[in-house]
Amino acid sequence: MASIQNSSPSKGTSTGAVTFGLVGFLFLVELVSGILQGFYIPIIPDLVKYLGIHTADYNWFEAAQLLLSAIVVPILAKLGDMFGHKRILLVSTVLTAAATWGLVFAHSFPTYLIAFALQGFYVVWLPLEVALIFDRGRRSGKGASQTRRAAGFLVVALEAGAIIGDLLGGNLLDSLGLPLILVIPAIAVTLIFFVILFGVPESEPLPGRSLDAPGFMLLTLGLLLITGGLAFLRIAGPTAWWVYLMMLLGVLVFIPWTRIELKRPDPAVDIRVFRQPNMWPVQVTAGLIGISILGAQTPLATFAGADPKSGAGLGLDATLISVVVGVYLISLIVGAVLFPLLANITTPRVALIVAAFFVAVGYLSFLIFHTTLAETLINMIVAGLGSGALVGALPSTAAAAAPRGQTGIATGLTNTTKTVGGSFASSTFAIVLASSSVIFLGKEVPSLAGYLTVFTICGCGALLAALLLFLVPKLAFTDAVVAEAAEAEDAAPVG
């Protein structure tokens, strides 16, 4: 980390370097983000009883939050480019804090649904942080490598926070009970507002920007139809024909949207930038990797706990399942730390390809090795190393590929495409496991064929991402290329 602080040859650390303090404060922000993601999982059964709802109804909460995050991230990221990434980071933190406190006082399905959905504003934190870090180090000559290294530390904080949140939620429930235990994440988000306010410097937005309202309206409509359709597909089932019509309309919205964006002087999304070979494979990779990162966790957990006598599963109890999850999270942390090292030894492009192949190998290995705990752990470790590398690498490489003034929207869209991929996977996997179920002890349970289909989809998605990344220019995202682009931007005439 010390090398991060003193790597700006042309500017002082106050104006050009990615400092230890900046990364440290943002580390705390991502630690809280992880707590939010891990805290509620172990207390879901008790929340279901507290709210007086069915267990299946909890899917609505997760679906609503995914839906909101897919919509708001591009808008907030663009506003960060326009008005400063710190300012929008503060706004999103206020909204997240308000929603998290709202969960404390939510006593019914509708109030909890609204509060839990609005809590999804935290998903824009990592894209804004990466954009802020890259903006800080853009002209230092090593902005790309500094951002990769810093993003790796942020992913470490994210996963460590998820572990802490899981431990806090699971161990304090009996002593505090509901709703008092929900105060803990609310206090954490409130405190992090002041960490950002007093510890994080502002980025330098370009003047004269404008918000492309028509472009964002169409983008929001398209994402709403697609992600909403995927959510309803998981809930209503594959026989609901209107769900497919909904998603088709969402896809068709992007046809006029693209035409409008190409004509706008300051578009919501600069299509010309996003169709360049150093950008579109990264964005597509985010969606393909989202299939496994966001969609495969529930099938993996149910597979680990399923009775082997049913034909699929390991028969692990809750304690051993938590060990499996913990090992996976640790592998994510290790992958996030190793990625910038591999990128420095080779190139960022090679490191991205290797990481995607790790994810593919990890999940495709389930087709052969799936009968013992040791085999499952090895598969998940391999997949986790690649996934952890890509979680931080994708937004940082998108920032490196984006011109000045578009780093926020570039990093934000990696999150949005990842969310869309996760929504697709969640809905598809639920249908696959339900349609291939077998009867065991009088109940329908997923079959081995269903689980292997899920793992195959995850592996093939990652394999396709690895192949697409070969289309990225060989020296893309390197310090030399990024510094050259920054010099060209500075030398370009204004207007």
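**Cavities**

The volume is the space filled by probe spheres set on the points, which are joined across faces, edges and corners. I noted that this is a predicted model, in which local features need pLDDT of at least 70 and side-chain atom pairs count only at pLDDT 80 or more, while totals for chains, interfaces and linings use all residues. I also noted that residues are numbered from 1 along each chain as its sequence is written, and that side-chain values use heavy atoms, with hydrogens and water left out.

The largest cavity has a volume of about 80 Å³. I listed its lining as Leu 126, Pro 127, Ala 286, Leu 390, Val 391, Leu 394, Pro 395, Thr 414, Asn 415 and Lys 418. Helix H7 (125-137), helix H17 (373-401) and helix H18 (407-435) each supply at least two residues of this lining, and the largest share, 4 residues, comes from H17. Here helices are DSSP runs (H or I, at least four residues), numbered from the N terminus. Sorted by class, the lining of the largest cavity has 7 nonpolar, 2 polar and 1 charged residues, where Ala, Val, Leu, Ile, Met, Phe, Trp, Tyr, Cys and Pro count as nonpolar, Asp, Glu, Lys and Arg as charged, and the others, Gly among them, as polar.

For the second largest cavity I recorded a volume of about 70 Å³. Its lining includes Gly 80, Asp 81, His 85, Asp 135, Arg 138, Glu 204 and Arg 404. By class this second lining has 2 nonpolar, 4 polar and 5 charged residues.

**Salt bridges**

The structure holds 3 of them.

The side chains of Arg 404 and Glu 204 meet in one, at 3.8 Å from N to O. This pair links distant parts of the chain, with Arg 404 in the loop between H17 and H18 and Glu 204 in the loop between H9 and H10, 200 residues apart. I classed Arg 404 as partly exposed because its relative accessible area is 24%, and Glu 204 likewise as partly exposed at 48%; the cut-offs are under 20% for buried, over 50% for exposed and in between for partly exposed (1.4 Å probe, protein chains only).

Next I looked up Asp 266 and Lys 78, whose side chains meet in a salt bridge of 3.4 Å, N to O. They too link distant parts of the chain, since Asp 266 is in the loop between H11 and helix H12 (271-274) and Lys 78 is in helix H4 (residues 58-83), 188 residues apart. Both Asp 266 and Lys 78 are buried.

Arg 264 forms a salt bridge with Asp 212, the closest N and O atoms being 3.0 Å apart. Arg 264 is in the loop between H11 and H12, Asp 212 in the loop between H9 and H10, and the two are 52 residues apart. Arg 264 counts as partly exposed at 32% relative accessibility, whereas Asp 212 is buried at 0%.

I then turned to helix H11 (residues 241-263), which holds Leu 249. Leu 249 counts as partly exposed because its relative accessibility is 42%. With Trp 241, Trp 242, Leu 245, Leu 248, Leu 252 and Ile 255, Leu 249 makes a nonpolar surface patch of about 710 Å². Leu 225 lies in helix H10 (residues 213-236) and counts as buried at 18%. The C-alpha atoms of Leu 249 and Leu 225 are separated by 7.0 Å, although the two are 24 residues apart along the chain.

**Backbone entries**

I noted a cis peptide bond from Leu 178 to Pro 179, with omega near 5°. Pro 179 lies in the loop between helix H8 (143-176) and helix H9 (183-199). Phe 477 has phi near 70°, a positive value in a residue other than glycine. I placed Phe 477 in the loop between helix H19 (448-469) and helix H20 (479-491), and at 2% relative accessibility Phe 477 counts as buried.

Definitions and conventions:
Patch = residues over 30% accessible without salt bridge, like charges linked within 9 Å, V, L, I, M, F, W, Y side chains within 5 Å. Areas by Shrake-Rupley, 256 points an atom, 1.4 Å probe, with all protein chains shown as cover. Salt bridge = Lys/Arg side-chain N within 4 Å of Asp/Glu carboxyl O. 1 Å grid on protein atoms, 1.4 Å probe; cavity = no way out; pocket = protein on both sides within 12 Å on 5 of 7 lines; lining within 4 Å.
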